[in-house]
Amino acid sequence: MSDAVPRRVSVLGATGSIGTSTLDVIARHPGRYRVHALTAHRSREALLALCRVHAPALAVLDREVDAAWLRERLHEAGLATEVRCGPEALVEVSEAPEVDVVMAAIVGAAGLLPTLASVRAGKRVLLANKEALVMSGALFMEAVGRSGATLLPIDSEHNAIYQCLPVEHRGGLARHGVTQLLLTASGGPFRGWTAGDLAAVTPAQACAHPNWTMGRKISVDSATLMNKGLELIEACWLFDARPDQVKVVVHPQSVIHSMAAYSDGSVLAQLGNPDMRTPIAYGLAWPERIDAGVAALDLFEVARLDFEPPDEVAFPCLRLAREAMAEGGTAPAVLNAANEVAVEAFLAGRLGFAGIGELVARVRDACPVEPAGELAGILDADARARKEAVACLTRR
Ligand SMILES: NC(=O)C1=CN([C@@H]2O[C@H](COP(=O)(O)OP(=O)(O)OC[C@H]3O[C@@H](n4cnc5c(N)ncnc54)[C@H](OP(=O)(O)O)[C@@H]3O)[C@@H](O)[C@H]2O)C=CC1
Ligand SMILES: CC(=O)[C@@H](O)[C@H](O)COP(=O)(O)O
Ligand SMILES: [Mn+2]
């Protein structure tokens, strides 16, 4: 990549954990990257602060009332950033011809349409928003193939696997001598706890991840192991793998970010400190490498690496996700939607921790699986599953 022309980047979900880490990496390389657009949902003050630093051409918020507030503050600050609002504006900044790179870091299903728009427009897409791929796997990957978009996984495990696979790895793992993908899991804050221990855990406990600082939704997903379930589905789509080719390995230190096993007995791993700036820098610069601001890994400090199997009895969400992937069609979209409603209810104190998996299973049982060929069908399955999940919560 030439240093002469900076790549223009839209950061979707700029005020979040991945968004701010992305902007930290970008700020270290002003000659390489220029921020085109920054988006947030309701965090207008945080978005204003980011606009002051990065002076994007565009900023996007959900509601006009917040957009008007931001316009006024930017005007007072003498900044020329244009402010837009709503889901259509998210799509616009994802597909605009002047954009080279899109960081897809909105949390949840809200990221599907803009992420898909960036794929269809053939951008370099840095995929953090795993829910978008989980919901629409086949359609999403077909769009990547058709448009020629460069899809780079940012999720730490998938970024690690990407680094451990041959550069050209399409056409099935076996073709490249890969026998298994080893997806590492920290085990979350409740690793080793029994179902009984989990009965009274609080949102604050669930969000206290042992190794990573992340948004609240993914933190709860890590605690239930639904994050690993979503990641299993994500790995199947990204690397053309069957669910039985992806083995989840609990590795409490989160130093090995995942591995690929080969037919000759080799196992390739990617290691590093648990800091998302490493996969983000990899995605931004690929195939080059750039400074991410991450300290070198000190193996003497790490000292030991432990491995154990996941507990799918106390943490049923991993199994539910594997089953949804095996079932196919709209089953992963239903799983994802039910989980989003359940996590929101848990964080709001309306559902217990064990209730998350129970609600996902009940919604799964109530929602018939349809083929997932069209976007409309996927969005419809998502809407129906949310409605069913809310109804289940009300009936309790
Ligand atoms: N954090 C991490 O280390 C990792 C995250 N990921 C994935 O990356 C994604 C982002 O995670 P994370 O950064 O932790 O999440 P955060 O909750 O920290 O940030 C979410 C971002 O999305 C915006 N947002 C939320 N809801 C909407 C909506 N309805 N419409 C538009 N924008 C919205 C938020 O805006 P606002 O601030 O206004 O609410 C915020 O900018 C998730 O899919 C997660 O699974 C994957 C691997 C690691
Ligand atoms: C940083 C990242 O990629 C997260 O998805 C992380 O993997 C969460 O950790 P666990 O789900 O393994 O607890
Ligand atoms: Mn991950």
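The bend at a residue is the angle between axes fitted to the seven residues ending there and the seven starting there. By that definition, helix α6 bends by about 105 degrees at Ser 136. The model is predicted, so local features need pLDDT of at least 70 and side-chain atom pairs count only at pLDDT 80 or more, while totals for chains, interfaces and linings use all residues. Residues are numbered from 1 along each chain as its sequence is written, and chains are lettered from A and ligands numbered from 1 in the order in which they are written.

Helices (DSSP runs of H or I, at least four residues) and strands (runs of E, at least two) are numbered from the N terminus. The end C-alpha atoms of α6, a helix of 18 residues, are only 20 Å apart, short of the 26 Å that a straight helix would reach; the expected span is 1.5 Å times one less than the number of residues. Buried residues have 20 or more other C-beta atoms within 10 Å of their own, exposed ones 12 or fewer, and partly exposed ones a count in between, with C-beta atoms placed from the backbone. In α6 the buried residues include Ser 136, Gly 137, Phe 140, Ala 143 and Val 144. Ser 147 also belongs to α6, but counts as partly exposed because it has 16 C-beta neighbours inside 10 Å. The C-alpha atom of Ser 147 is separated by 5.6 Å from that of Arg 120, 27 residues away along the chain. Just after the helix, Gly 148 has a positive phi of about 75 degrees.

Helix α6 (130-147) also contributes to the shell around ligand 1, as do α1 (17-27) and α9 (216-224), each with at least two residues. The largest share, three residues, comes from α1. A residue is near a molecule if its C-beta atom, placed from the backbone, lies within 6 Å of it. Of the 27 residues around ligand 1, those that come nearest are Gly 13, Gly 16, Ser 43, Ala 110 and Gly 215. Domain 1 (7-154) and domain 2 (156-311) each give at least three residues to this shell; the bounds come from an automatic or database domain assignment.

Ligand 2 has a shell to which α7 (156-164), α9 and α10 (226-239) each supply at least two residues. Among the residues surrounding ligand 2 are Asp 155, Glu 157, Trp 212, Asn 227 and Met 276.
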